[in-house]
Amino acid sequence: MIQPTRAQMAQLALLAAALASATGAGAAPPRRPEWGAIVRRVSGAGRAVALTFDDGPREPYTSQILDILADQGIKATFFLVGENVRRYPEVVRRIVREGHAIGNHSWSHRSLASVSWEVARREIERTDVLIRAVTGRRPFLFRPPYGALGSQLAGPDGLAARERHLLVLWSVEVADWSTRSPLRVAAGTIRRVSPGSIVLLHDGGGPRGHVVTATRWMAGHLAREGYRLVTVPELLGIASARR
Ligand SMILES: [Zn+2]
């Protein structure tokens, strides 16, 4: 088993406190991180929002999104598919180098709700191992393909807990995979966002030029509305610090 780094453990202590706060589990931080907990949004984070990009890396879209994020000085979270990490390791290293967060989004993007425990475990572990080989960091965030939790991922005895991951879902989605309109994606996201939102977007899985354009528009708009665009770990850390 691969152990989290000391830096990751320190970050997880913050996450655990934030999760305890978010779930009303009481004032005292738990003794250990609540692996396997489900995070859809984060209360207590003020006017902070996390943009998340799934299914990549996929070029040219991921690099274009990274350019926009760098231009605007904002951070995001990328949920990576193992097969695409293998294809674009340099892009993955750039994501990490520029201060964004990464999470595991399975190896092949099959639904883990209807496969055996062993197949699901292998989808998660194989991706963790490759991300660690490419970046030096083992991810501790996992987002199941299609948001499908099934019966074996969540909870203290679930697969995510066994593999020491938090399950990160989302609170805002605009079906950017079913439209090609950047206006629909940007306007729909802006309309639905509130403090603590986790926004689901896609930089992979198909043509995503409209997501790139929408990201440029809505990042600027949300900043003008006073939102800070941060990573999912930062969102949890902010909530913890304000508790
Ligand atoms: Zn996905």
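Q: What share of the 243 residues of the protein chain counts as buried?
A: This is a predicted model, where local features need pLDDT of at least 70, side-chain atom pairs count only at pLDDT 80 or more, and totals for chains, interfaces and linings use all residues. Residues are numbered from 1 along each chain as its sequence is written. For the 243 residues of the protein chain, the buried share comes to 48%.

Q: How many helices and how many strands does the protein chain have?
A: Helices here are DSSP runs of H or I with at least four residues, strands are runs of E with at least two, and both are numbered from the N terminus. Going through the protein chain that way, the tally is nine helices and nine strands.

Q: Are H2 and H8 roughly parallel or roughly antiparallel to each other?
A: Helix H2 covers residues 61-72 and helix H8 covers residues 209-224; their axes come within 9 Å and cross at roughly 15°. (Axes are lines fitted to C-alpha atoms, for helices over the stretch in contact, with angles from 0 to 180 degrees between N-to-C directions.) Angles under 35 degrees count as roughly parallel, over 145 as roughly antiparallel, 65 to 115 as roughly perpendicular, and the rest as oblique. H2 and H8 are therefore roughly parallel.

Q: Which residues of H2 meet H8?
A: On the H8 side, the partners are Gly 209, Val 211, Val 212, Thr 215, Arg 216, Ala 219, Gly 220 and Ala 223. Facing them from H2 are Tyr 61, Gln 64, Ile 65, Ile 68 and Gln 72.

Q: Which residues of H7 meet H8?
A: Helix H7 spans residues 182-192, and its axis comes within 8 Å of that of H8, crossing at roughly 35°. H8 brings His 210, Val 211, Thr 213, Ala 214, Trp 217, Met 218, His 221 and Leu 222 to the meeting. H7 brings Pro 182, Val 185, Ala 186, Thr 189 and Ile 190.

Q: How wide is the arc that holds the buried residues of H7?
A: Val 185, Ala 186 and Thr 189 are buried in H7. They line one face of the helix, because, seen down the axis, they fall within a limited arc (taken from the directions from the helix axis to the C-beta atoms), and that arc is 90°.

Q: What covers the buried residues of H7, and which residues are exposed on the other side?
A: The cover includes strand E7 (172-173), strand E8 (198-202) and H8. On the other side of H7, the exposed residues are Leu 183 and Arg 191.

Q: Which residues does Arg 58 contact, leaving aside its neighbours within four places in sequence?
A: Arg 58 is in the loop between strand E2 (48-56) and H2, and it is buried, with 21 other C-beta atoms within 10 Å. Arg 208 is 150 residues away in sequence, yet 8.9 Å away in space, C-alpha to C-alpha. Beyond those sequence neighbours, Arg 58 contacts Asn 84, Asp 203, Gly 204 and Arg 208.

Q: Is Ser 106 buried or exposed?
A: Ser 106 is not a glycine, but has a positive phi of about 80°. It belongs to the loop between strand E4 (101-104) and helix H5 (117-135). With 25 other C-beta atoms within 10 Å, Ser 106 is buried.

Q: How does Tyr 146 count, by its C-beta neighbours inside 10 Å?
A: Tyr 146 also has a positive phi without being a glycine, at about 65°. Its loop runs between strand E5 (141-142) and helix H6 (159-162). With 13 such neighbours, Tyr 146 counts as partly exposed.

Key. Contact = placed C-beta atoms within 7 Å. Buried ≥ 20, exposed ≤ 12 C-beta atoms within 10 Å, placed from the backbone.
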